[in-house]
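Good morning, colleagues. Please keep the sequence and the structure in view while I speak.

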Amino acid sequence: MTGIRWLGLLPFLGILVGTAFVNQVEPLVFGMPFVLAWLVAWVIAGSIITAIIYKFDPVNAQSAREHDETGR
Amino acid sequence: MNAALVVIALAAFLSLALGLWARGGKRMTLEQWTVGGRGFGGPLVFLLTAGEIYTTFTFLGGSGYAYGKGAPAYYILAYGTLAYMLSYWLLPPIWRYARQERLVSQSHFFTRKYDSPALGILVAIVGVVALVPYLVLQLKGLGIIVSIASYGSISSTAAIWIGAAVVTVYVTVSGVRGSAWNAVVKDFLILAVVLFLGIYLPFHYYGGYSEMFRAIDAAKPGFLAFRPTGESVLWFQSTVLLTALGFFMWPHSFSAVLTAKEEGTFRRNAIVLPVYQLILLFVFFCGFAAILTVPGLTGTDIDLSLFRLSIQTFDPWFVGIVGAAGVLTALVPGSMILIAASTLLANDVLRGLQPDMADDKVALAARGLVPIVALVAVGFTLQGGQTIVALLLMGYSFVTQLFPALVCSLMRNNPVTKSGAFAGIVVGVAAVGWVTLKHSPLGTLLPFLPSGMNDINVGFVALGLNVLVTAGVSAATRPAAAANPRPA
């Protein structure tokens, strides 16, 4: 888990640092200015990365079990 | 009364009826009223937290910013994603501690963590100060929608009064359950309306997205990317970071967090909510479509762009549907904000000053404060002067000042003392207040900054000062090392 958790830094780097290097309109991507498309890509990547972290995070298996045991 | 107004009025009545119905005969204790008895499952917490994102701020403010400023609007798409990533780790420990200590508010959280009622009162006051511009922007949005949809027959002043009255009534009667059910209706409506407009308008007027953006780029070169100065990349970076850190510092988001039944909800929501953000794209598309079709709106009028374009494009009944969606995006968050502000004043400020106040007295005071807070917000709204996005950024600048002290309080060995937290928050908020009231650029507050740094968001600079003061005062007031052993 410890290693996978660091994936969470990627969207921060992509959005906060990366944007400085892609601040341009052309080429349009799916009709959108390039810098906007870059941000959209990171929104989607952020969701996928969180899903990966969730899957490998032992806390979630544990909390699901506790949830069952309380019988609700 | 035209068709548009009839549809909008129906939506407002439906929302009121839902609020009354959701009360369901339950006795309203303070905990019931503010955090829904802590019994909400995933879907409702999802809608409550999302309900705040999709407010008038995004609907009118987001499209207006895209219309009036161009690329700077992109920041609205970016910060939520980072905030949700943070929430994966940030919210579960907050929720756990709050449940264990039976806390109903953010201010109680600080009071308990730092063992300082004074800090709790300060946090509550900062929260109320930040909430006022947030409430003002919802009322401003209501005024815009109703007055434009009435084709001028209802003044925006009258519309603001009507809106404030509707929010006040249903909040007073039903508390947060009213908000939750309205959030359900609102989210479906806004989703449908925004998707439709964001696809229809660019294709109807330009023939597609590429064609639209090429036309805008030709008419206004440089508009679709960040400028070299002013709202530059540096502005974007500091604003995104400021707003991502402040996202869950709002007292009402904090309350929404406390409504959850179990902590796994937050981790699951952190996966889904970023994608939900993509609706914002379609909001931007509406604003961009308006640039060449309803040109000439400047200053605070940029917030009108989506609505002006709707009126120019559609029949009144459909303008009514768009307006109904807009009214709900203002009423639902408006009600959450009113609940948060009045609860803060009653439960945290009043009871903080007078700790032996009985529960039922506090609950009564919270309800009694609802119309008063609404009146104050109406007063500020009628004064006008700021765009919707500027109002929200002002609120964020205030509320993010709570972030350093909150995060440190979650650590096993909190390096921050109560004096440090108190001093840091006071300095941060004072810096924001000074710049806001004086309308002075950053350079005059911090003359030693190099000129290229002037574009940094003011709230972010204040956050920097806050961290320095927090660290300095904490170091000076830390108890002797023996009492607080250092981890290895």
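This is a predicted model: local features need pLDDT of at least 70, side-chain atom pairs count only at pLDDT 80 or more; totals for chains, interfaces and linings use all residues.

Which residue of chain B forms a salt bridge with E26(A)? The partner is R214(B), and the closest N and O atoms of the pair are 3.2 Å apart.

R214(B) has a relative accessibility of 45%, so it counts as partly exposed. E26(A), at 38%, also falls in the partly exposed class. Between chain A and chain B, the count of salt bridges is one.

I turn now to the interface as a whole. The contact draws on 38 residues of chain A and 36 residues of chain B. Together the two chains bury about 3200 Å², and carbon and sulfur atoms account for 75% of that area. On the chain A side, L16(A), V43(A) and Y54(A) supply 18% of the area that chain A buries against chain B, more than any other three residues.

What of the polar contribution? Five residue pairs are in polar contact across the interface of chain A and chain B, with both residues of each pair at pLDDT 80 or more. As for the elements involved, α2 (9-17), α3 (34-56) and α4 (58-69) of chain A each supply at least two residues of the side that touches chain B. The most comes from α3(A), with 14 residues. Sorted by class, that side of chain A has 23 nonpolar, 11 polar and four charged residues.

Next, the two chains in outline. Chain A has four helices and zero strands, and its elements run α-α-α-α from the N terminus on. Of its 72 residues, 40% are buried. Among contacts in chain A between residues at least 6 apart in sequence, 54% join residues at least 24 apart.

Chain B has 22 helices and zero strands. Its 488 residues are 62% buried. For contacts in chain B with a separation of 6 or more, residues 24 or more positions apart account for 84%.

That brings me to the interior. In soluble globular proteins, nonpolar side chains tend to be buried together. Here, the largest nonpolar core holds 167 residues, and the members that touch the most others are Y74(B), Y75(B), L77(B), Y79(B) and F288(B). Helix α7 of chain B, residues 117-149, gives the most to this core, with 19 residues.

Which residues does L77(B) touch, leaving aside those up to four places away in sequence? In chain A, L77(B) touches L36(A), L39(A), V40(A) and V43(A); in chain B, it touches Q277(B), L278(B), L280(B), L281(B) and F284(B).

Finally, I return to the salt bridges. Over all chains the count comes to four. Within chain B, the side chains of R112(B) and E101(B) meet at 2.7 Å, N to O. R112(B) lies in helix α6, residues 106-114, and E101(B) in the loop between α5 (75-100) and α6, so this pair ties together parts of chain B that are 11 residues apart in sequence. R112(B) is partly exposed, with a relative accessible area of 40%, and E101(B) is partly exposed as well, at 24%.

Are the partners R267(B) and E263(B) buried or exposed? Their side chains meet in a salt bridge at 2.8 Å, N to O, and both residues are buried. R267(B) and E263(B) also belong to one network with R96(B), joined by salt bridges that share partners.

To close, I would set two pictures side by side. Inside chain B, R267(B) and E263(B) form a salt bridge with both residues buried. Thank you for your attention.

Methods. Residues are numbered from 1 along each chain as its sequence is written. Chains are lettered from A and ligands numbered from 1 in the order in which they are written. Side-chain values use heavy atoms; hydrogens and water are left out. Contact means heavy atoms within 4.5 Å. Buried area is the accessible area (1.4 Å probe) that two parts lose on being put together, summed over both. A polar contact is a pair of N or O atoms within 3.5 Å; within protein, one must be able to donate a hydrogen and the other to accept it, and residues adjacent in sequence count only if both atoms are side-chain atoms. Ala, Val, Leu, Ile, Met, Phe, Trp, Tyr, Cys and Pro count as nonpolar, Asp, Glu, Lys and Arg as charged, and the others, Gly among them, as polar. A nonpolar core is a set of buried Ala, Val, Leu, Ile, Met, Phe, Trp, Tyr and Cys residues joined through side-chain atoms within 4.5 Å. Buried means under 20% relative accessible area, exposed over 50%, partly exposed in between (1.4 Å probe, protein chains only).
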